[in-house]
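Subject: Structure handover

Hi,

Here is the structure I promised to pass on. My notes on it follow below, so please have a look and tell me how they read to you.

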Amino acid sequence: MSAGIFRPAAEKIVSGGFGMSKNRVRVTICGSDYVIAGDESEEYVRELAREVERRMEELMNASSCVSVTMAAVLTAMNCCDDESKAIMSADNLRAQMKEYLADSARCRSEAEESRRELERLRAELRKTQRQLDELREAAKAARDAKENREPRQTEKPADDGQLHLEAATAPVSPPQMSGTRPKEISAGEFMSLFDALNREEAGKN
């Protein structure tokens, strides 16, 4: 058992056996017998006695100048020092726990605020989506109304093609001959021209 484990309250342990407590335990510390009266169990009281004796013997073994009384006083001082440090440590732990609880409460508050902001943004998004759908419907209705107002392109009559075809296939009048009569040639001139043409053809062949 390590030092400083047991920290009994002073009013719970009365030496001499004259208290009103129900438990009285006889212990031996550094050769001296003591009757310890208290509400704690016998095993607990004996553990305390062994711890006190261990600390006193440790001090006396460290220096031959330390008597039993001095060792008892130094042991009491060390126990008070340990208790004071334990109390300060407990206070520090309580302060840290208080800070942790405050941080936890602040985090919960921030989380709740973030949740409300998220809900607000979602509602704003749904509203914007509805407005966008309304604008799309209005634009579609305006486009349909415009298409209904525009006159449709009329089809050309079927006889247009026939008219164009008739115009394209109309007989072309031969060019009017001039009023002058063709030049008349004699039979000899005709034969001369005929022979010249034959010779020309023969020469080509």
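The hairpin of strands S2 and S3 has 2 residues between its strands, and there Cys30 takes a positive phi near 50°. Strand S2 covers residues 23-29 and strand S3 residues 32-38; the two run antiparallel and are joined by 7 bridges (strands pair if DSSP finds at least two bridges between them).

The model is predicted, so local features need pLDDT of at least 70 and side-chain atom pairs count only at pLDDT 80 or more, while totals for chains, interfaces and linings use all residues. Residues are numbered from 1 along each chain as its sequence is written, and side-chain values use heavy atoms, with hydrogens and water left out.

On the overall picture, the protein has 4 helices and 3 strands, in the order β-β-β-α-α-α-α along the sequence. These are DSSP runs numbered from the N terminus, with helices being H or I of at least four residues and strands E of at least two. Of the 205 residues, 10% are buried (under 20% relative accessible area, with exposed over 50% and partly exposed in between, using a 1.4 Å probe and protein chains only). Of the contacts between residues at least 6 apart in sequence, 36% join residues at least 24 apart; a contact means heavy atoms within 4.5 Å.

Helix H1 is worth a look. Its 21 residues, 42-62, reach 30 Å from the first C-alpha to the last, close to the 30 Å expected at 1.5 Å a residue (the expected span is 1.5 Å times one less than the number of residues). Its buried residues include Val45, Leu48 and Met56, and also Glu51. Glu51 has a relative accessible area of 6%, and its side chain makes a polar contact of 2.9 Å with that of Arg54. By polar contact I mean N or O atoms within 3.5 Å, where within protein one must be able to donate a hydrogen and the other to accept it, and residues adjacent in sequence count only if both atoms are side-chain atoms.

Finally, the cysteines. How many disulfides does a search of the whole structure find? The count is 0, with a disulfide taken as two cysteine sulfur atoms within 2.5 Å. For Cys79, the closest cysteine sulfur is in Cys80, 7.0 Å away and so too far for a bond. Cys79 is partly exposed at 26% relative accessibility, whereas Cys65 is exposed at 64%.

Best wishes
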